2 protein chains.
Amino acid sequence: MTSMAPEERIGSHIKRAEQALLAAKNAACKPAAVTVPQYAALLWLAEKPGISAAALARLCGVTPPTMNTVLKNLQERGLIERTPHEWHRNVLETRLTEEGRAAMELADTGAVRVERALAAAFTEEERELFIALLGRCAEVLDAER
Amino acid sequence: MTSMAPEERIGSHIKRAEQALLAAKNAACKPAAVTVPQYAALLWLAEKPGISAAALARLCGVTPPTMNTVLKNLQERGLIERTPHEWHRNVLETRLTEEGRAAMELADTGAVRVERALAAAFTEEERELFIALLGRCAEVLDAER
DNA sequence: GAATGTATGTTAGAGCTCTAATGCATGCAA
DNA sequence: TTGCATGCATTAGAGCTCTAACATACATTC
């Protein structure tokens with residue numbers, strides 16, 4: 001019996017927390033009519049205007065084709081615009097439109113509210129420990145591959 | 001300034017850990033040629049033969065349509081079989097095939113290896129604390145909705 | 001018996017995610 | 001100059017995920 005009870009699997013609890021996080025953020029982004037990945041992209045775009053899609057993908061922790069999908073949807077809705085780079089013709093510079101900035105700010109207030117509620121559930125000490133434990137997780141799991 | 005640095009957002013770290021977890025489990029399930037959600041379904045099916053799709057969805061923490069998608073793929077590959085329930089005609093009983101059990105066991109050895117590696121990165125005390133912190137997360141976030 | 005309620009199953013549609021493969025552009029080196 | 005390496009963008013294909021809506025079947029209550 002190589003098996004292991006689900007409750008003993010740390011992964012189950014991580015997954016559960018992540019799911020709750022996604023659901024809460026999704027609800028928070030709903031007034032702005034954007035999804036969580038869209039909000040993440042908009043947030044980084046506000047900070048780094050003209051960034052390439054590949055670099056944006058790295059910041060958001062997804063692959064370039066995934067970011068391509070997200071950006072395509074954002075562009076169709078007029079929240080971003082993409083223009084060819086002056087020198088590197090193959091690169092597209094992506095920027096927020098006015099509408100895009102407004103959507104980002106609206107979604108951000110909701111997202112920050114969620115993050116603050118989350119942070120309020122821990123003492124400063126707990127929070128730091130928690131982040132350290134999560135970091136160790138990612139480290140070990142990445143090494144496992 | 002309603003904004004918040006990404007590093008301060010606990011959510012970022014949860015997402016990162018979850019991503020690493022998913023990547024590691026995906027790699028672990030690859031020899032069995034199943035995805036992580038498929039493995040999760042197969043694992044529960046082994047423990048609860050004849051379970052309904054809706055109940056299985058609850059165990060796996062997904063919605064019924066999602067489980068439907070997963071089961072459809074598993075059925076097409078002959079890893080499960082679904083038969084109408086004796087009394088409740090609307091219910092389909094789902095069971096592993098021989099092939100399905102073999103795939104589950106192969107994937108399970110990989111998944112358990114990942115979980116053991118993860119568990120080994122923490123002391124018993126840390127592990128319990130970590131799970132408690134993750135649980136508090138899910139609790140707070142679910143309440144936030 | 002009829003109405004309500006609960007649970008299951010399914011379809012439709014939108015969106016995210018990955019791997020794999022391809023094409024293009026730039027820059028560096030032989 | 002030619003070739004190679006790097007990086008960006010995109011397409012194709014498979015699969016997961018959700019919400020919304022609808023259909024069905026059983027159970028309870030009136």
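This is a predicted model: local features need pLDDT of at least 70, side-chain atom pairs count only at pLDDT 80 or more; totals for chains, interfaces and linings use all residues.
Local features here need pLDDT of at least 70, side-chain atom pairs count only at pLDDT 80 or more, and totals for chains, interfaces and linings use all residues. Residues are numbered from 1 along each chain as its sequence is written, while chains are lettered from A and ligands numbered from 1 in the order in which they are written.

**Stop one: DNA strand C**

Select DNA strand C and the 24 residues around it; a residue is near the strand if its C-beta atom, placed from the backbone, lies within 6 Å of it. Thr66(A), Thr69(A), Ser52(B), Ala53(B) and Pro65(B) come nearest. Now colour the elements that give two or more residues to this surface: α2 (36-47) and α4 (64-76) in chain A, with α3 (53-60) and α4 (64-76) in chain B. Helices are DSSP runs (H or I, at least four residues), numbered from the N terminus. With five residues, α4(A) gives the most. By class, the surface holds 12 nonpolar, 11 polar and one charged residue (Ala, Val, Leu, Ile, Met, Phe, Trp, Tyr, Cys and Pro count as nonpolar, Asp, Glu, Lys and Arg as charged, and the others, Gly among them, as polar).

**Stop two: α2(A) and its partners**

Keep α2(A) and α4(A) on screen. Their axes come within 10 Å and cross at roughly 85°, so α2(A) and α4(A) are roughly perpendicular to each other (65 to 115 degrees). Axes are lines fitted to C-alpha atoms, for helices over the stretch in contact, and angles run from 0 to 180 degrees between N-to-C directions. Show Pro37(A), Gln38(A) and Ala41(A) from α2(A), then Met67(A), Val70(A), Leu71(A), Asn73(A) and Leu74(A) from α4(A), which make the contact (C-beta atoms, placed from the backbone, within 7 Å). This contact has six nonpolar, two polar and no charged residues.

**Stop three: chain A meets chain B**

Finally, select the 44 residues of chain A in contact with 44 residues of chain B. On the chain A side, α1 (10-29), α5 (98-120) and α6 (124-144) each give two or more residues. Which element gives the most? That is α1(A), with 15 residues. Coloured by class, this side shows 23 nonpolar, eight polar and 13 charged residues.

Methods: Angles under 35 degrees count as roughly parallel, over 145 as roughly antiparallel, 65 to 115 as roughly perpendicular and the rest as oblique. Two residues are in contact if their C-beta atoms, placed from the backbone, lie within 7 Å.
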